[in-house]
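Please read them with the sequence and the coordinates open.

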Amino acid sequence: VFLGNGPSGICLSYLLSGYIPYFKRDSIHPHPILQRKLEEAPDVSVLDQDLEYLSEGLEGRSHSPVALLFDTLQRPDTDFGGTAESVLTWWHETNRAVPHLVLGRNAPGGAWHSIEGSMITLSRGEWMGLPDLPFKDWLKQKRRGLRNNRATAEDIAQYYQHYVVKKGLQKNFRCGTVVTSVRKVSAESISNHAQKDLQENSDSLWNFNERSTEVFQVDGFFKTVKGDKEPFSIYAENVVLATGTYDSPTWLGVKGENLSYVHHQLSALEEAVRNNNIDIMSDPVLIVGAGLTAADAILFAHHCNIPVIHVFRRRVSDPGLIFNQLPKMMYPEYHKVHQMMKEQSAACAGPYDCYVSLPEHHVLSFGKDKKCIFQDKNGYQKAYKISMALVLTGSNPNLSFLPNNGIDLAMDSDQPVNPKRNPIDVDPFTYECTQEKGLYALGPLAGDNFVRFVQGGALAVASSLLKKVNKNPP
């Protein structure tokens with residue numbers, strides 16, 4: 001059972017549906033050592049080879065060796081601007097399919113359906129694609145091209161839905177599900193009648209390995225068309241956590257943050273503009289944060305001529321600021337926001353109307369009268385009257401369905417799971433949780449935050465599960 005139907009869950013479903021990657025004969029990989037390793041066993045699928053051996057020595061923009069391996073097999077020279085074809089060929093070996101269910105709240109694509117459709121992705125369009133169906137080929141069928149090599153969130157969401165249909169994976173997906181609990185139970189304690197849920201398409205899912213004394217019980221409910229909630233319980237030997245990190249926006253933890261004009265999602269600004277609740281004559285909108293979501297909010301407000309006060313803790317020149325890590329040519333709109341942050345501080349008026357930047361400031365409180373109080377690095381306080389506030393300082397995964405919110409699974413088991421600072425502790429070549437056998441974590445939960453790199457985790461999990469269920473070739 002997989003929890004989460006975003007790109008991680010879709011990719012793993014593809015691999016477990018019997019789609020097996022092999023090294024394409026006569027193809028040449030630009031990495032000579034990897035090429036030599038691939039030529040050693042051309043008839044053995046990549047899933048059945050030693051992933052640690054294959055990925056040894058690879059370098060790139062991910063800390064995960066398997067993520068780098070799968071990425072470079074699919075896009076051999078993409079980091080150097082090249083367009084070399086994948087060195088993989090895919091065979092559909094139905095006898096190697098592993099029965100599974102993918103549970104998700106939304107349609108396949110996960111959080112991509114919750115993002116404003118016109119937003120442009122940070123990653124290049126071709127990096128958003130899944131195995132054996134290049135994103136740019138799909139886009140060509142729609143007679144569309146990539147803007148600056150990048151795609152819109154709406155395109156991505158549609159592509160992921162199309163992928164599931166095109167690859168015949170729909171039977172594994174259950175959308176409109178909410179999981180409320182995952183816990184280990186004794187296999188003997190499961191009565192036969194409790195196994196009928198969801199069984200109609202997945203008979204073999206319930207034939208437990210005789211050796212397993214404990215299984216996972218996954219409880220939750222379906223949201224029906226009528227809006228009712230139908231409870232379910234599923235039992236599985238292995239559970240994959242692929243729920244991403246979009247669930248719970250980070251709060252500042254200051255007084256008044258729960259007032260109705262303080263929001264934690266960009267969609268609140270879009271809705272306020274759509275409903276004409278704010279416009280060019282309104283008091284400024286406060287945007288807190290210096291990441292890409294905050295930048296998207298500033299660009300949106302700027303486009304609508306809505307005045308903005310922008311508060312963030314870092315210096316504008318801080319190398320840790322995401323804007324200082326992005327190439328200007330590829331990300332002109334984010335470069336523009338960075339320029340505004342530099343040139344339009346409250347201390348000196350700059351060329352941009354309707355925008356004020358307050359670097360090295362933090363929010364002290366939100367008042368009922370919509371007055372917000374900030375403090376700068378020297379302890380001086382300022383008050384501004386605002387129309388609404390958007391606190392866009394990141395988000396955390398919601399793992400409330402796990403015992404102790406999943407904290408025991410994290411690298412630092414005293415702190416909540418966080419994709420950047422404290423991911424779930426997994427084996428780098430199987431992605432199985434080190435603290436809980438049979439439980440796997442993928443994507444941001446395991447520290448892989450980009451679509452191009454979550455797929456290596458899916459390869460690792462599929463390789464591990466195929467060994468467990470003994471669906472290996474002779």
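The points below go from the whole chain to a sheet, the cores and the cysteines.

1. Basis. This is a predicted model, in which local features need pLDDT of at least 70 and side-chain atom pairs count only at pLDDT 80 or more, while totals for chains, interfaces and linings use all residues. Numbering runs from 1 along each chain as its sequence is written, and side-chain values use heavy atoms, with hydrogens and water left out.

2. Overall make-up. The chain has 10 helices and 22 strands; these are DSSP runs numbered from the N terminus, with helices (H or I) of at least four residues and strands (E) of at least two. Of its 474 residues, 53% are buried, that is, under 20% relative accessible area with a 1.4 Å probe, protein chains only; exposed is over 50% and partly exposed lies in between.

3. Contacts and surface. Among contacts (heavy atoms within 4.5 Å) with a separation of 6 or more, 68% join residues 24 or more positions apart.

4. An open sheet. Three strands, in the order E8-E9-E10, form an open antiparallel sheet; two strands pair if DSSP finds at least two bridges between them. Strands E8 (177–186) and E10 (229–236) are at the edges with a single partner strand each, so one side of each has no neighbour in the sheet. Strand E9 (residues 214–223) pairs with E10 over 8 bridges, and Gly220 has Phe232 in E10 as its bridge partner.

5. The cores. A nonpolar core is a set of buried Ala, Val, Leu, Ile, Met, Phe, Trp, Tyr and Cys residues joined through side-chain atoms within 4.5 Å. The largest has 84 residues, and Leu3, Val218, Leu241 and Ile424 have the most contacts inside it. Helix H10 (residues 451–468) gives the largest share of this core, 9 residues. A second, separate core has 32 residues, including Ile287, Tyr331, Met340 and Tyr355.

6. Leu3. Which residues does Leu3 contact, leaving aside its neighbours within four places in sequence? Among them are Leu103, Val179, Val182, Val218, Leu241 and Phe401.

7. Cysteines. The structure holds 0 disulfides, taken as pairs of cysteine sulfur atoms within 2.5 Å. Cys304 is partly exposed at 25% relative accessibility, and Cys354 is partly exposed at 36%.
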